[in-house]
Amino acid sequence: MEIVGATGRINVQGEEVQKLDEFANNTLVRCLGYRGNVGILVSEEDEDPHVIQEAESGKYIVLFDPLDGSSNINANVSIGTIFSILERSSKSSGKDVMAHILQPGSRQVAAGYVVYGSSTVLAYTAGNGVHMFTLDPSIGAFVLAKENIKMPKAARIYSVNEAYRESFPEGIQKYLDWAKEAGNYSSRYIGSLVADFHRTLIRGGVFIYPGTKKSPQGKLRLLYEANPLAFVAEQAGGVATDGERRILDIQPKTMHERTALIIGSKDEVARVTSF
Ligand code: FDP
(Lines give C-alpha, C1' and ligand atoms only; values in the text may rest on other atoms or scores of the structure.)
Protein backbone atom coordinates (compact mmCIF):
# COMPACT_ATOMS: atom_id res chain seq x y z
CA MET A 1 0.00 0.00 0.00
CA GLU A 2 3.02 2.27 0.55
CA ILE A 3 3.38 2.52 -3.21
CA VAL A 4 -0.20 3.58 -4.07
CA GLY A 5 -1.59 7.11 -3.75
CA ALA A 6 -0.37 10.67 -4.23
CA THR A 7 2.98 12.02 -3.03
CA GLY A 8 1.51 15.46 -2.38
CA ARG A 9 3.97 16.93 -4.92
CA ILE A 10 3.01 18.78 -8.15
CA ASN A 11 5.33 18.11 -11.13
CA VAL A 12 6.71 20.42 -13.80
CA GLN A 13 3.51 19.84 -15.84
CA GLY A 14 1.37 21.11 -12.95
CA GLU A 15 0.04 17.59 -12.32
CA GLU A 16 -0.26 15.70 -9.06
CA VAL A 17 2.61 13.20 -8.69
CA GLN A 18 1.62 9.68 -7.67
CA LYS A 19 3.99 7.49 -5.64
CA LEU A 20 4.20 5.07 -8.56
CA ASP A 21 5.20 7.93 -10.90
CA GLU A 22 8.12 8.67 -8.62
CA PHE A 23 9.02 5.01 -8.23
CA ALA A 24 8.97 4.43 -12.02
CA ASN A 25 11.00 7.59 -12.64
CA ASN A 26 13.66 6.77 -10.06
CA THR A 27 13.95 3.22 -11.38
CA LEU A 28 14.43 4.34 -14.98
CA VAL A 29 16.92 7.06 -14.07
CA ARG A 30 18.91 4.62 -11.93
CA CYS A 31 18.94 1.77 -14.48
CA LEU A 32 19.61 3.90 -17.56
CA GLY A 33 22.21 5.92 -15.67
CA TYR A 34 24.39 2.83 -15.36
CA ARG A 35 24.56 2.24 -19.09
CA GLY A 36 27.78 3.53 -20.57
CA ASN A 37 26.22 4.51 -23.88
CA VAL A 38 23.48 6.79 -22.47
CA GLY A 39 24.58 10.42 -22.14
CA ILE A 40 21.39 12.35 -21.35
CA LEU A 41 18.04 11.42 -19.82
CA VAL A 42 14.87 13.47 -20.19
CA SER A 43 11.85 12.59 -18.06
CA GLU A 44 8.34 13.96 -17.90
CA GLU A 45 8.76 14.11 -14.14
CA ASP A 46 11.90 16.25 -14.07
CA GLU A 47 12.14 19.87 -15.11
CA ASP A 48 15.78 19.58 -16.18
CA PRO A 49 17.59 16.85 -18.10
CA HIS A 50 19.93 14.45 -16.33
CA VAL A 51 23.32 14.83 -17.94
CA ILE A 52 25.15 11.63 -17.23
CA GLN A 53 28.11 11.90 -19.53
CA GLU A 54 29.24 14.72 -21.70
CA ALA A 55 31.86 12.53 -23.32
CA GLU A 56 31.41 11.02 -26.75
CA SER A 57 30.81 7.61 -25.18
CA GLY A 58 27.34 8.56 -23.96
CA LYS A 59 26.04 8.89 -27.47
CA TYR A 60 22.34 8.20 -26.83
CA ILE A 61 19.64 10.42 -25.32
CA VAL A 62 16.69 8.60 -23.76
CA LEU A 63 13.48 10.60 -23.32
CA PHE A 64 10.59 9.03 -21.43
CA ASP A 65 7.26 9.31 -19.72
CA PRO A 66 7.95 6.90 -16.86
CA LEU A 67 4.31 6.20 -16.07
CA ASP A 68 1.77 7.40 -18.58
CA GLY A 69 -1.90 7.56 -17.60
CA SER A 70 -1.10 8.00 -13.94
CA SER A 71 -4.59 9.27 -13.09
CA ASN A 72 -5.66 5.67 -13.80
CA ILE A 73 -3.27 4.03 -11.31
CA ASN A 74 -5.59 3.89 -8.36
CA ALA A 75 -8.42 2.47 -10.50
CA ASN A 76 -6.22 -0.42 -11.68
CA VAL A 77 -6.67 0.61 -15.33
CA SER A 78 -3.87 -0.02 -17.87
CA ILE A 79 -0.95 2.40 -17.71
CA GLY A 80 2.48 2.30 -19.33
CA THR A 81 5.95 3.67 -20.04
CA ILE A 82 6.75 5.51 -23.28
CA PHE A 83 10.32 6.05 -24.54
CA SER A 84 12.16 7.75 -27.36
CA ILE A 85 15.85 7.35 -28.20
CA LEU A 86 17.88 9.97 -30.05
CA GLU A 87 21.54 10.07 -30.96
CA ARG A 88 23.58 13.12 -29.99
CA SER A 89 23.39 15.63 -32.82
CA SER A 90 26.66 15.59 -34.76
CA LYS A 91 26.08 19.28 -35.63
CA SER A 92 26.24 20.43 -32.01
CA SER A 93 29.03 20.58 -29.49
CA GLY A 94 29.12 17.99 -26.73
CA LYS A 95 28.28 20.58 -24.10
CA ASP A 96 25.17 22.05 -25.74
CA VAL A 97 22.72 19.72 -24.01
CA MET A 98 19.54 21.37 -25.34
CA ALA A 99 20.72 21.17 -28.95
CA HIS A 100 21.04 17.39 -28.54
CA ILE A 101 17.61 17.10 -26.95
CA LEU A 102 15.62 19.44 -29.21
CA GLN A 103 15.74 17.34 -32.36
CA PRO A 104 12.68 16.53 -34.50
CA GLY A 105 11.11 13.09 -34.05
CA SER A 106 12.28 12.05 -37.53
CA ARG A 107 15.75 11.72 -35.95
CA GLN A 108 14.71 9.08 -33.42
CA VAL A 109 16.80 5.92 -33.71
CA ALA A 110 14.32 3.84 -31.72
CA ALA A 111 11.10 4.30 -29.76
CA GLY A 112 8.38 2.30 -28.11
CA TYR A 113 6.35 1.67 -25.02
CA VAL A 114 5.39 -0.87 -22.38
CA VAL A 115 1.73 -1.37 -21.38
CA TYR A 116 1.04 -2.75 -17.93
CA GLY A 117 -2.33 -4.30 -18.73
CA SER A 118 -3.88 -7.75 -18.65
CA SER A 119 -0.37 -8.76 -19.73
CA THR A 120 2.81 -6.68 -19.86
CA VAL A 121 3.52 -5.86 -23.47
CA LEU A 122 6.52 -4.12 -25.06
CA ALA A 123 6.20 -2.69 -28.57
CA TYR A 124 9.17 -0.96 -30.21
CA THR A 125 10.64 0.13 -33.48
CA ALA A 126 14.19 0.86 -34.53
CA GLY A 127 13.04 2.01 -37.95
CA ASN A 128 12.58 -1.45 -39.39
CA GLY A 129 8.98 -2.33 -38.52
CA VAL A 130 7.21 -2.65 -35.18
CA HIS A 131 7.75 -5.71 -33.02
CA MET A 132 5.78 -6.78 -29.97
CA PHE A 133 6.90 -8.78 -26.94
CA THR A 134 5.06 -10.16 -23.91
CA LEU A 135 6.63 -10.41 -20.48
CA ASP A 136 6.90 -13.98 -19.26
CA PRO A 137 7.25 -13.51 -15.48
CA SER A 138 8.28 -17.15 -15.01
CA ILE A 139 11.57 -16.51 -16.84
CA GLY A 140 11.73 -12.74 -16.24
CA ALA A 141 12.11 -11.93 -19.93
CA PHE A 142 10.16 -10.45 -22.81
CA VAL A 143 9.24 -13.07 -25.43
CA LEU A 144 8.58 -12.16 -29.06
CA ALA A 145 4.83 -12.24 -29.63
CA LYS A 146 4.46 -10.67 -33.07
CA GLU A 147 6.89 -9.35 -35.65
CA ASN A 148 6.23 -6.56 -38.10
CA ILE A 149 2.87 -5.44 -36.80
CA LYS A 150 0.71 -3.51 -39.24
CA MET A 151 -2.00 -1.14 -38.08
CA PRO A 152 -5.32 -1.69 -39.92
CA LYS A 153 -5.54 0.86 -42.75
CA ALA A 154 -9.08 1.80 -41.74
CA ALA A 155 -11.39 1.15 -38.79
CA ARG A 156 -14.46 2.95 -37.51
CA ILE A 157 -13.28 3.62 -33.96
CA TYR A 158 -12.56 7.03 -32.49
CA SER A 159 -10.83 7.64 -29.17
CA VAL A 160 -11.26 11.11 -27.72
CA ASN A 161 -12.35 12.76 -24.48
CA GLU A 162 -15.71 13.98 -25.75
CA ALA A 163 -16.38 15.89 -22.54
CA TYR A 164 -14.21 18.65 -24.07
CA ARG A 165 -16.10 18.65 -27.38
CA GLU A 166 -17.28 22.26 -27.16
CA SER A 167 -13.69 23.50 -26.91
CA PHE A 168 -12.32 21.39 -29.79
CA PRO A 169 -11.41 23.02 -33.12
CA GLU A 170 -14.37 23.17 -35.51
CA GLY A 171 -12.98 20.47 -37.82
CA ILE A 172 -12.80 17.91 -35.00
CA GLN A 173 -16.34 18.74 -33.89
CA LYS A 174 -17.55 18.28 -37.47
CA TYR A 175 -15.77 14.92 -37.75
CA LEU A 176 -17.40 13.71 -34.52
CA ASP A 177 -20.83 14.86 -35.74
CA TRP A 178 -20.24 13.13 -39.06
CA ALA A 179 -19.14 9.88 -37.38
CA LYS A 180 -22.24 9.83 -35.18
CA GLU A 181 -24.42 10.53 -38.17
CA ALA A 182 -22.72 7.67 -40.04
CA GLY A 183 -24.05 5.40 -37.29
CA ASN A 184 -21.43 2.66 -37.59
CA TYR A 185 -18.64 4.01 -35.36
CA SER A 186 -17.50 2.86 -31.92
CA SER A 187 -16.09 5.15 -29.27
CA ARG A 188 -13.27 3.88 -27.03
CA TYR A 189 -11.41 6.06 -24.52
CA ILE A 190 -9.36 4.62 -21.69
CA GLY A 191 -7.69 7.89 -20.72
CA SER A 192 -4.20 6.35 -20.74
CA LEU A 193 -2.55 7.43 -23.98
CA VAL A 194 -0.30 4.38 -24.10
CA ALA A 195 -3.23 1.96 -23.73
CA ASP A 196 -5.46 3.88 -26.15
CA PHE A 197 -2.60 3.91 -28.64
CA HIS A 198 -1.90 0.19 -28.21
CA ARG A 199 -5.54 -0.64 -28.96
CA THR A 200 -5.37 1.65 -32.01
CA LEU A 201 -2.23 -0.15 -33.21
CA ILE A 202 -3.93 -3.54 -32.93
CA ARG A 203 -7.54 -2.71 -33.87
CA GLY A 204 -7.13 0.50 -35.90
CA GLY A 205 -9.13 3.71 -35.73
CA VAL A 206 -7.98 7.11 -34.53
CA PHE A 207 -6.88 8.67 -31.24
CA ILE A 208 -7.48 12.41 -31.03
CA TYR A 209 -6.26 14.90 -28.41
CA PRO A 210 -6.58 18.32 -30.02
CA GLY A 211 -5.95 21.75 -28.60
CA THR A 212 -8.68 22.79 -26.15
CA LYS A 213 -9.52 26.06 -24.43
CA LYS A 214 -7.71 24.78 -21.33
CA SER A 215 -4.66 23.50 -23.29
CA PRO A 216 -4.57 25.43 -26.60
CA GLN A 217 -1.38 23.64 -27.72
CA GLY A 218 -2.82 20.24 -26.77
CA LYS A 219 -2.09 18.37 -23.55
CA LEU A 220 0.33 15.66 -24.67
CA ARG A 221 4.07 16.09 -24.70
CA LEU A 222 5.89 16.16 -28.05
CA LEU A 223 9.26 14.70 -27.11
CA TYR A 224 8.32 11.68 -25.01
CA GLU A 225 4.67 10.98 -25.88
CA ALA A 226 3.76 12.11 -29.41
CA ASN A 227 7.15 11.52 -31.10
CA PRO A 228 7.73 7.92 -29.97
CA LEU A 229 4.13 6.91 -30.71
CA ALA A 230 4.27 8.67 -34.09
CA PHE A 231 7.42 6.72 -34.98
CA VAL A 232 5.73 3.44 -34.00
CA ALA A 233 2.53 4.41 -35.86
CA GLU A 234 4.35 5.26 -39.08
CA GLN A 235 6.44 2.10 -38.93
CA ALA A 236 3.18 0.15 -38.66
CA GLY A 237 1.66 1.94 -41.68
CA GLY A 238 -0.27 4.53 -39.67
CA VAL A 239 -0.11 8.32 -39.54
CA ALA A 240 0.43 10.98 -36.83
CA THR A 241 -0.22 14.69 -37.21
CA ASP A 242 -0.97 17.75 -35.09
CA GLY A 243 -3.72 18.62 -37.58
CA GLU A 244 -1.38 20.56 -39.85
CA ARG A 245 2.08 19.05 -39.61
CA ARG A 246 3.48 15.53 -39.53
CA ILE A 247 4.40 15.03 -35.85
CA LEU A 248 7.88 13.73 -36.74
CA ASP A 249 8.68 16.93 -38.68
CA ILE A 250 8.01 19.33 -35.80
CA GLN A 251 11.13 21.16 -34.62
CA PRO A 252 10.80 21.24 -30.81
CA LYS A 253 11.48 24.53 -29.08
CA THR A 254 11.33 23.39 -25.48
CA MET A 255 11.87 20.11 -23.67
CA HIS A 256 8.38 19.74 -22.20
CA GLU A 257 6.56 21.19 -25.22
CA ARG A 258 2.96 20.07 -25.78
CA THR A 259 1.25 19.22 -29.03
CA ALA A 260 -2.14 18.35 -30.46
CA LEU A 261 -2.17 14.72 -31.61
CA ILE A 262 -4.25 12.87 -34.19
CA ILE A 263 -2.79 9.39 -34.61
CA GLY A 264 -3.92 6.08 -36.01
CA SER A 265 -5.10 4.33 -39.17
CA LYS A 266 -4.09 6.08 -42.37
CA ASP A 267 -7.63 6.45 -43.77
CA GLU A 268 -9.19 7.54 -40.49
CA VAL A 269 -6.57 10.23 -39.76
CA ALA A 270 -7.10 11.50 -43.33
CA ARG A 271 -10.83 11.63 -42.67
CA VAL A 272 -10.42 13.58 -39.41
CA THR A 273 -8.17 16.17 -41.04
CA SER A 274 -10.45 16.52 -44.09
CA PHE A 275 -13.15 18.38 -42.08
P1 FDP B 1 -2.71 11.38 -17.30
O2 FDP B 1 -3.21 12.78 -17.19
O3 FDP B 1 -3.53 10.39 -16.51
O4 FDP B 1 -1.24 11.23 -17.02
O5 FDP B 1 -0.27 12.14 -20.62
C6 FDP B 1 -1.29 12.45 -19.85
C7 FDP B 1 -2.57 11.63 -19.98
O8 FDP B 1 -2.90 10.94 -18.82
C9 FDP B 1 -2.62 10.60 -21.13
O10 FDP B 1 -2.10 9.37 -20.78
C11 FDP B 1 -4.09 10.54 -21.45
O12 FDP B 1 -4.33 10.17 -22.79
C13 FDP B 1 -4.54 11.95 -21.19
O14 FDP B 1 -3.59 12.54 -20.29
C15 FDP B 1 -5.90 12.00 -20.56
O16 FDP B 1 -6.28 13.33 -20.45
P17 FDP B 1 -7.79 13.74 -20.15
O18 FDP B 1 -8.07 13.29 -18.75
O19 FDP B 1 -7.79 15.22 -20.31
O20 FDP B 1 -8.66 13.05 -21.16
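Asn 76 sits in the loop between β5 and β6; strands (E, at least two residues) and helices (H or I, at least four) are DSSP runs, numbered from the N terminus. The phi of Asn 76 is near 60°, a positive value in a residue other than glycine. At 73% relative accessibility, Asn 76 counts as exposed. Here exposed means over 50% relative accessible area, buried under 20%, and partly exposed in between (1.4 Å probe, protein chains only). The model is predicted: local features need pLDDT of at least 70, side-chain atom pairs count only at pLDDT 80 or more, and totals for chains, interfaces and linings use all residues. Residues are numbered from 1 along each chain as its sequence is written, and side-chain values use heavy atoms, with hydrogens and water left out.

Asn 148 lies in the loop between β10 and β11. With 43% relative accessibility, Asn 148 is partly exposed.

A polar side-chain atom of Tyr 209 lies 2.6 Å from a ligand oxygen. For Asp 68, a side-chain N or O atom is 2.8 Å from an oxygen of the ligand. Ser 70 contributes a backbone N or O atom, 3.4 Å from a ligand oxygen. Taken alone, the ligand exposes 460 Å², and the protein buries 88% of that. Accessible areas come from the Shrake-Rupley method with a 1.4 Å probe; for residues, only the protein chains shown count as cover.

Helix α4 spans residues 193–203. Nine of its eleven residues are buried, so α4 is largely enclosed by the rest of the structure. The buried set comprises Leu 193, Val 194, Ala 195, Asp 196, Phe 197, His 198, Arg 199, Thr 200 and Leu 201. Gly 204 follows α4 and has a positive phi, near 85°.

On the surface, Ile 3, Val 4 and Phe 23 form a nonpolar patch. Together these residues have about 250 Å² of accessible area. Patches are made of residues with over 30% relative accessible area and no salt bridge; like charges are joined within 9 Å, and nonpolar side chains (Val, Leu, Ile, Met, Phe, Trp, Tyr) within 5 Å. Phe 23 belongs to helix α1 (residues 19–33). Its relative accessible area is 49%, which is partly exposed.

The whole structure holds 14 salt bridges, each a side-chain nitrogen of Lys or Arg within 4 Å of a carboxyl oxygen of Asp or Glu. Among them, Lys 59 meets Glu 87 at 3.7 Å, N to O. This pair links distant parts of the chain, 28 residues apart. Lys 59 lies in the loop between β4 (50–51) and β5 (60–68), and Glu 87 in strand β6 (residues 79–87). Lys 59 is partly exposed at 36% relative accessibility, as is Glu 87 at 32%.

Lys 153 and Asp 267 form another salt bridge, with the closest N and O atoms 3.2 Å apart. Lys 153 is in the loop between β10 (141–146) and β11 (157–159) and Asp 267 in helix α6 (residues 266–273), so the pair ties together parts 114 residues apart in sequence. At 53% relative accessibility Lys 153 is exposed, whereas Asp 267 is partly exposed at 31%.

Asp 249 and Arg 246 also pair, at 2.9 Å, N to O. Both are partly exposed, Asp 249 at 48% and Arg 246 at 34%. Salt bridges that share partners join Glu 44, Arg 221 and Glu 225 into one network.

Methods:
Polar contact = N/O pair within 3.5 Å; in protein donor to acceptor, adjacent residues only side chain to side chain.
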